[in-house]
2 protein chains.
Amino acid sequence: MVDTAQRSSNKTPARPTGTPAVTPGVDTGPVLIAGQSGAPTIDLESLNRRLLGTWADVRLKARELTARPDLQRIEGQSMAEHRARVLGQLKILAENGHVHRAFPAHLGGADDHGGNIAGFEELVTADPSLQIKAGVQWGLFGAAVLHLGTGKHHDAYLPGIMTLEVPGVFAMTETGHGSDVAAIGTTATYDPATQEFVIDTPFRAAWKDYLGNAAKDGIAAVLFAQLITDGVNHGVHAFWVPIRDESGTFLPGIGGEDDGLKGGLNGIDNGRLHFDGVRIPRENLLNRYGDVAEDGTYSSPIASPGRRFFTMLGTLVQGRVSLDGAATQASAMALTIAITYGSQRRQFTAGSDTDEEVILDYQRHQRRLLPRLATTYAHTFAHDEFLVKFDQVFSGTASTDADIQDLETLAAALKPLSTWHALDTLQEAREACGGAGFLAENRLVGLRADLDVYATFEGDNNVLLQLVAKRLLTDYSRRFASAGPGVLARYVVQQAAGRAYHGSGLRSLAQVLTDFGSTARSVGHLRDAEVQRELLTDRVETMIAEIAGKLRPAGRLPAKEAAALFNANQDQLIEAARSHGELLQWEAFTRAVETTEDAGTKQVLTWLRDLFGLGLLEKHLAWYLINGRLSARRAQSVTSYIDRIIVRLRPHAVDLVDAFGYSPEHLRSAIASGAEQERQDEARDYYRGQRASGQAPVPEKSHKPQKPAQSPKAG
Amino acid sequence: MVDTAQRSSNKTPARPTGTPAVTPGVDTGPVLIAGQSGAPTIDLESLNRRLLGTWADVRLKARELTARPDLQRIEGQSMAEHRARVLGQLKILAENGHVHRAFPAHLGGADDHGGNIAGFEELVTADPSLQIKAGVQWGLFGAAVLHLGTGKHHDAYLPGIMTLEVPGVFAMTETGHGSDVAAIGTTATYDPATQEFVIDTPFRAAWKDYLGNAAKDGIAAVLFAQLITDGVNHGVHAFWVPIRDESGTFLPGIGGEDDGLKGGLNGIDNGRLHFDGVRIPRENLLNRYGDVAEDGTYSSPIASPGRRFFTMLGTLVQGRVSLDGAATQASAMALTIAITYGSQRRQFTAGSDTDEEVILDYQRHQRRLLPRLATTYAHTFAHDEFLVKFDQVFSGTASTDADIQDLETLAAALKPLSTWHALDTLQEAREACGGAGFLAENRLVGLRADLDVYATFEGDNNVLLQLVAKRLLTDYSRRFASAGPGVLARYVVQQAAGRAYHGSGLRSLAQVLTDFGSTARSVGHLRDAEVQRELLTDRVETMIAEIAGKLRPAGRLPAKEAAALFNANQDQLIEAARSHGELLQWEAFTRAVETTEDAGTKQVLTWLRDLFGLGLLEKHLAWYLINGRLSARRAQSVTSYIDRIIVRLRPHAVDLVDAFGYSPEHLRSAIASGAEQERQDEARDYYRGQRASGQAPVPEKSHKPQKPAQSPKAG
């Protein structure tokens, strides 16, 4: 993002960000591209707009905010200072309305769900604590009132939530139950005599835990508890519970603890809460999906308790949407920092006596950063589609049951991949910047520490992927449930034929014949987007079909044995779900490539998409070989083609990160500020001057012959 | 490590650590082991001793120290407080002599190199900042005086170093040069007129950087600079340079900066130094490997400047040794915490209505933790052999040139693998503990933050692996250089035959015939240690031979093209080096298994070694398939056999981490303290009591029939 950034090691002249790059017409790769005379160039401006996505204007507006120093993290603050600073920043956000878009228009919001999330995500560049604490207040606490409450709750509570007059707690997780929310221990028992619910924490494991705003700032909570009336447990429901008085003291019957220091996000006051006979009025039940009449009669628009539970939870999907987006931004920032630095930093003279190599010219360095850049592009495009889907469901323009289920599956598939990718990318970027990467002043370690918990909150990544897998299995079995026996029979025959074709290696044999021993031919094959799509799709479908086959006996087994059978396939199930998510990302990337107009940009994006797609094939290469989908020769050409794409992409690396559009105010990274380029220039000028002056000390070797070597001993 | 730990989900009664486990005689795996009637048991005491290794007594003594609260980290301290605390802790270590073992006996040391490192490594359990700051003072600064200086330096400087009267800086790295130390910019120019060296920092990139003790505590430095005398640059040498006066003020001509907050290790005051015409007496040159006479004449016992440089650097290998050991201990601690917690924590009822499953009983959870446990065992055994080798070289009992080179290659191969493994394991353990893992009180996030930089300091991991690869290539070419042409011809024939055999799939075909379609037979094959060894060895040798073949033209090419050719193979080279390191670890593990006497322990360790070995095969499965080493069927059985070993190892998981021998004082992790077991017991008792009383609220479903479902909409 810096003006002095070297666009390649060929000393391309510096140019301001945003100007279309005129990369020297050299394809440094050893392979000529058919029908191409010069290297393509990227149209930075249109690519930047493309990456900003559907809510580009909201994001640009948000980036003006996140460029403000008073909204940014100060590294090295104590936990207390950091918490106080972030609370103050929330007030700024509340005052300027940045966080109100999703709320009803009649209360001062804009009923704009997609734009709201886009704006939230951008806060991660200022401070992830700010993003998450804002998310707790307006995204979890506020959204629970909005989506689980009804009109009277909206009118009573949302104004105070929006202004931050009422900082609140989203009190769902307990020490004993995080992933399995349905099993929480807190109870809300209806007392018809007083028309109140009585809230109780029956044992230590049922303490509410890890709750943002609980340790210090929260004065009310949306509390999740088992709703019990008339001796019947109707499952988990949400209640509005005041927890502190105006002096910040817990109300009677309520106690808590500070979770203390965490691995990151220390601008948020996470804590624990417990309740002992706390009474709240009947009306405090957020009663959109379940209500209790004065006499204690329970009613719900959703008959099935299981479905009701998942419907309530489903309204809170936005947390996963915004983590997916924020994590992808963190990856983009990490790569902007590491690739900018890598294109300026020099180390070791490999090809000459005087000139050190730019570290991004080393193959290993490229291999570490460019595939992660390709993945970050895939995540960026997939996230925008995800956000559009979210907006359609929540605005009601496309919100059938199927849409809702698709959205939830998308969330469960994408959030794990993007949050893990962010951690992996931040770490690789940090290592790729060496000791400098470890300094807080270069941002990478701080971002990584903060993003760490994104992998396990708002749904543990492994648990989410299991949900995806179950959905894939359901879809798979539904295809046959709704089909007549003829369809099933035909499918079985196809499968058997397929198994014979793939399993016996007939398909690989066919590939050997097609390729005729030519690597070029097998590479040409792999560059075909439809071939990539087929291979990626085939893997997901085959894995699911295989697992479904193995699980078939489960229906006839006792619960314990059925569980054991499922458990014996759990790891493969999660792998299948991950591959499904990767396929969705590949498809989003491909759609983005297809709709790119500028020819140069399209060419570079095609390479980048190929790098992503072939990277997936390389990762799962053993599967493709074992299952006869790729011949050994074609499998080998996956890696060699990746090596070639990387060489082609190298000259575009700086453009590809500049296209994310971060300014120095967002990156705030000393090593990506141009300082490294200045240091390198100064050092090279010094040595050049010394050589020119004839005053340089000569190296020992050329000076005089040496005595014979003596054997040195250490120790 | 806690007494209440459940050894398996079968409610094994609690027993004190150290007592041999009597695991219920149930092999939960679906496969019977030939010739085995009951499940094996581990002899915890002998296994613990085995893991403590050659310097077990030193380690136990050190663990008494690290159990002292005054030597331990206090989470959440400010950088200034943490720095002050660690400096104070160093004084305690100096007073009790814990850190003096490697120094000469006549100065109060013990000339004990191996024991010294073993003792240092253990400090990581108290606080990694303590380990590294002690390592800077006595391991780098002190060792540089010891190994690069001569008698007069020892007598003059070591006593003050040992007592910490003179806290010091190891001033090697510069902002501009970390990996390529030979290219540092700082100069020490001899002035015969005054018989002084003049130290200069010629440009900003030549500032010394990232130096422990430089920001605050250091009053002297061992400074590395280009030694220039009489117009000749004799390369990098080390000099004793006082930097601060007794008030802590920089001496004239010296300046510096604080590196500020880092991603971890904030108990160490890293900083920058620069020098402007600073004059030091001629005698301050640490002159073991190079000296300057009064008249400016340079002399050295090692004629080749390159060899001299590497000899000087080689004496400092101990940093890599101790990082390998400390990183492995961090992995062991992480797994002790996560496996203890995983064996107590319950979530989701899969197989019954009332009992939640212990999370370590889930296949995915096992897959996340047990292979990492196997790897940690491999690293532990490999580290002990590495430390023995180090001790032999530095004590002089086996210190030929070949020994020294072997030691350095071992260091360059093992340190990257163990430090990366520690980061990976700490992260997986943290995620496996969910939100609890993110709290500082559970230790995982703090250890991970501190260990982060282990991957890039004391030799960047990627650069080190490249050194290993170069050594492997040299060995490979030496085999032919020393051999007559007959040997080479024979080798070429073998290679060609081998290629025909492997490449055409003849070998896989042979496997298909051997296995006769039987999975049991192919698994039996893979369980054979010699088969594992052959497969792992073959991969390293074949990769190196292939790369050597590709690099052969380099000798005849101009420097620039030769560098490009090398660069085009860099990624594969590093992969080959990594596989070499993995093979060394597998061999060490196998030797440990072979010399284990207790039959039960030996059986469990064999499974664990198989898990490590097969895990490596699984990771590289595509290579084995592409290169015709494994048939598709045999490749498939790798994964299915891993699944089975994991089931067998599950009941031993807690024993296997208890065997590391950490006490609660070392772990200091709330979730591994037994608190989780108490919470689970209390919750289960509560529900049990409720059910027994008949007072439990009934679930809605069984209460009354429901109305038909209505379609819910989100938004």
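User: How do you know how much area chain A and chain B bury between them?

Analyst: In this predicted model, the figure is the accessible area that the two parts lose on being put together, summed over both. For chain A and chain B that comes to about 10100 Å², with 54% of it on carbon and sulfur atoms. Arg364(A), Phe438(A) and Glu700(A) supply 8% of the area that chain A buries against chain B, more than any other three residues.

User: Which residues make up the contact, and what classes are found on the side of chain A?

Analyst: Chain A gives 120 residues and chain B gives 120 residues, where contact means heavy atoms within 4.5 Å. The side of chain A that touches chain B has 51 nonpolar, 35 polar and 34 charged residues.

User: Why is the pair Asp571(A) and Arg367(B) called a salt bridge?

Analyst: The cut-off is 4 Å between a side-chain nitrogen of Lys or Arg and a carboxyl oxygen of Asp or Glu. The N to O distance for Asp571(A) and Arg367(B) is 3.7 Å, and therefore the pair counts. Across the interface of chain A and chain B the rule finds twelve salt bridges. Polar contacts there number 60 residue pairs. Helix H10 (residues 401-432) of chain A gives the largest share of the side of chain A that touches chain B, namely seven residues.

User: What does the salt bridge of Glu618(A) and Arg367(A) tie together?

Analyst: The closest N and O atoms of Glu618(A) and Arg367(A) are 3.2 Å apart, and the limit is 4 Å. Glu618(A) lies in helix H20 (residues 599-619) of chain A and Arg367(A) in helix H9 (residues 363-395) of chain A, so the bridge ties together parts 251 residues apart in sequence. Over all chains the structure holds 88 salt bridges.

User: Why is the aromatic pair of Phe170(A) and Phe224(A) called edge-to-face?

Analyst: Over all chains there are 34 aromatic pairs. For Phe170(A) and Phe224(A) the centres are 5.1 Å apart and the planes are at 65°. Centres must lie within 6.5 Å, and planes over 60 degrees apart count as edge-to-face, so both conditions hold. Phe170(A) is in strand S1 (residues 168-171) of chain A and Phe224(A) in strand S5 (residues 220-229) of chain A, 54 residues apart.

Note on methods: Residues numbered from 1 in each chain as written. Chains lettered and ligands numbered in written order. Predicted model: local features only at pLDDT ≥ 70, side-chain atom pairs only at ≥ 80, totals over all residues. Heavy atoms only, no water. Buried area = accessible area lost by both parts, 1.4 Å probe. Polar contact = N/O pair within 3.5 Å; in protein donor to acceptor, adjacent residues only side chain to side chain. Helix = DSSP H or I, 4+ residues; strand = E, 2+ residues; numbered from the N terminus. Nonpolar A, V, L, I, M, F, W, Y, C, P; charged D, E, K, R; others polar. Phe/Tyr/Trp six-rings, centres within 6.5 Å; stacked < 30°, edge-to-face > 60°.
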